[in-house]
Amino acid sequence: MKRGSSLLLGFLAAALTACGQQTGSTTSASASTSTMTAYDHMLRLLYKQTVPVVQPAALAASLQRSPAAVVLLDARTPAEYRVSHLKGARFVDFDHFRDTDLRQLPRTQPIVVYCTVGARSEQVGAWLRERGFQDVRNLYGGIFQWVNNGYGVVNAHGPTTNVHPYSVMWRPWLKQGNPVYE
């Protein structure tokens, strides 16, 4: 990312953090602006709308019905994945995702990609769609929204409350869980 872009993004995140969380929550990415939180407003600016989103509640319900019916791809760094991830998620290193062997991914199953807030995973999802995967979704709000909504994460030792915030800039958006930088 260019320096000017990262400075602008940092300023935007700080400004939105200062605004605080508004009351109400959104149940869809296209909720009216009066019911959107500051986090939703930030995501609206970050997302490029290249991949449809799935809300955490809808994904949780799908996974509860049939955990093997959805392929979960974690598009973060190795350190982030080690701290915690969604149960059953396959690791796809964002820094090298274009080197991923796609033969291991079933083309007939829905794929949900996630990262910290959904920006990196949207890029991976768009790349998958360009390669012919039809049913690819981005987890709305990423692992932060998942944990903030009360859904669990795991690490190599089992369930955990730890979540890697990626950077101090993103940390304020994690409202639940224990922030752990590895």
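Visitor: Why is Val113 called buried?

Guide: This is a predicted model. In it, Val113 has a relative accessible area of 0%. Buried means under 20%. The value 0% falls under that cut-off, so Val113 counts as buried.

Visitor: Where does Val113 sit?

Guide: Val113 is in strand β4, residues 111-114. Helix α5, residues 119-130, lies across β2, β4 and β5. The helix runs at about 150° to β4.

Visitor: How do you know that β2 and β4 pair?

Guide: Pairing takes at least two bridges. Strand β2, residues 71-74, is joined to β4 by 4 bridges. That meets the cut-off, so they pair. The two strands run parallel. Val71 stands opposite Ile111 in β4.

Visitor: What is the order of the strands in the open sheet?

Guide: The order is β1-β5-β4-β2-β3, with parallel pairing.

Visitor: Why do β1 and β3 stand at the edges?

Guide: Each has a single partner strand, so one side of each is left without a neighbour in the sheet.

Visitor: How many of the chain's residues count as buried?

Guide: Of the 182 residues of the protein chain, 46% do. Val113 is buried too, at 0%.

Definitions and conventions:
Residues numbered from 1 in each chain as written. Predicted model: local features only at pLDDT ≥ 70, side-chain atom pairs only at ≥ 80, totals over all residues. Heavy atoms only, no water. Buried < 20%, exposed > 50% of the residue type's maximum accessible area, 1.4 Å probe, protein only. Contact = heavy atoms within 4.5 Å. Axes fitted to C-alpha atoms, helices over the stretch in contact; angles between N-to-C directions.
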